[in-house]
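Dear colleague,

I am passing on a structure that I have been going through, and I would be glad if you could look at it alongside my notes.

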Amino acid sequence: MTSEARRAIALARRLVVKVGSSALTTTGDGLDITRLHALVDAIADRLGRQTQIVLVSSGAIGAGLAPLSLDARPRDLATQQAAASVGQLTLAHAYAESFGRYSRTVGQVLLTSDDVVRRAHYRNAERTFSRLLSLGAVPVVNENDTVATEEIRFGDNDRLAALVAHLIGADGLVLLSDVDALYDGDPRAGGTRKIAEIRSESDLDGLAVGMSSSGLGTGGMMSKVAAARTAAAAGIPVLIAAAAEAERALRDADVGTAFQQAGARLSARRFWLGYAAGSRGRLHLDDGAVAAVVRNRRSLLAAGVTGVDGDFQAGDVVDLVDAAQEVVARGVVAFDVTELPDLIGRSTHELPPDQRREVVHADDLVPLRGR
Ligand SMILES: Nc1ncnc2c1ncn2[C@@H]1O[C@H](COP(=O)(O)OP(=O)(O)O)[C@@H](O)[C@H]1O
Ligand SMILES: N[C@@H](CCC(=O)OP(=O)(O)O)C(=O)O
C-alpha cells in the first residue's frame, strides 16, 4: 500500500535530500568515498527523471578527523570548527568529482542560522538556490560550521534541511541516515518495532525517540523527527530512510518511515513565525486560552495569560506554552515584557484604554499542535 506521502515524494519535481554524518563517515577513516559515490548514483538517477534536488550534506567534521589525526569527534566547538574547515573542503571536492561522473555541476552553499532564520536574509538564500537550480547545478548545502557560534548554530543538519525544503518550495524531504527507519525505541537496544507511517501527531505518542546519536552524527532520531514534523506541518511530505537504500528511497519512496504532510502549505511568513524565527520569551496560557488559540484559531487575550518570562519587546516572536510547559503556538507579541505583569488575567474592558488590544493577534499566531 502506497501512502499519499510516499506517492508525493516519488512524483516530486523538487526535493531536498539530507544525508547525515553517520552514513558518510567513519571515525577511523573519515569520508567513505564508496558510500558517497553510491549516494550520488541514486541522486543522479533521480535528477535524470526531471527532479531538481538540493543536497544537504553533513560530514564535514567527520571528514576532517583523520587529516588532523583526531581519533574521535571533538566535543569542544573550536576543534569541531577546525575539523569542519578541513573536512568541508574534502567533502565539496568529493561531491564535485562524484557528480562529475554524470557531467553534473555542484555549487556549495554554506549557511548560518541567520541566513534562514532572519526574514530579510531568507529572500537572499532563496534567490541563490533558485538561480543555481535554474542553471542546472546541484546545490550542496551544509551549515557554515567555521563561523557558527554555540548559541546560534543548528548543530545537526536535520532542522536546516527542513527550513531549506520550505525555502525552496520543495515537494518532499528525504532524510538519509545510518538507520533504516523510525523505530518505537532506539533500535540499538533491540526488540523495537519499525514504524512505516506517521499520519498525524498522535502517531508519535509513546515512541521513545533517542537523542543519542551514532557517535558521528548529532541529535539522533530526535532531531530527525522534529525536522520531519516541521516540514510535514508546513505541507511537505518526509521520508526517513537509510542512506544505503537511497536508490529505492529516491525512486519509489517505498522504504523507511513516511510522514504525512498537512493539507495546506504554510505561507513563508507563517512558516517563519511558527518554525524558523528565534523566540525571545514565553507566555504561559490557562486551559481556556490554549483551546481558544489552538482549536478555535482566536487571538490571545490578556485574560488567558497566567505568566510571562524572557526578555522581549512588542513585535518580537514568543512561544505560547500550556500548563504542562509544552509549546502550543508561537506568535508576535503586542506588548513589552515589562508591561504584561499588570495586564495579565484581566479582561479586555478592564485594561487601560491605550492597552486595550490582543496580547497576540490571531493573524500573528501559528498553532503548533493539533494538526
Ligand atoms: N526511535 C529511534 N528510531 C531510530 N533510530 C533511533 C531511535 N532512537 C535513537 N536512534 C538512533 O539515531 C541514530 C541516527 O542519528 P544520528 O547519528 O544523529 O544520524 P545522522 O548523522 O544521520 O544525522 C541511529 O543510529 C539510531 O541508533
Ligand atoms: N555541519 C556538521 C553537521 C553535524 C552533524 O553531525 O549533523 P548530522 O550528521 O546531520 O546529525 C558537519 O558537516 O559535520
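The notes below take the sheet and then a pair of helices.

This is a predicted model, in which local features need pLDDT of at least 70 and side-chain atom pairs count only at pLDDT 80 or more, while totals for chains, interfaces and linings use all residues. Residues are numbered from 1 along each chain as its sequence is written, and chains are lettered from A and ligands numbered from 1 in the order in which they are written.

Helices (H or I, at least four residues) and strands (E, at least two) are DSSP runs, numbered from the N terminus. Eight strands form an open sheet with mixed pairing, in the order β5-β6-β4-β1-β7-β11-β12-β10, where two strands pair if DSSP finds at least two bridges between them. At its edges are β5 (106-111) and β10 (197-198), each of which pairs on one side only. Strands β1 (residues 14-19) and β4 (residues 52-57) run parallel and are joined by six bridges; Lys-18 has Val-56 of β4 as its bridge partner.

Helices α8 (residues 158-167) and α9 (residues 220-233) pack with their axes 8 Å apart, at an angle of about 15° (axes are lines fitted to C-alpha atoms, for helices over the stretch in contact, and angles run from 0 to 180 degrees between N-to-C directions). The two helices, α8 and α9, are therefore roughly parallel to each other, a term used for angles under 35 degrees.

With kind regards

Definitions and conventions
Parallel < 35°, antiparallel > 145°, perpendicular 65-115°, else oblique.
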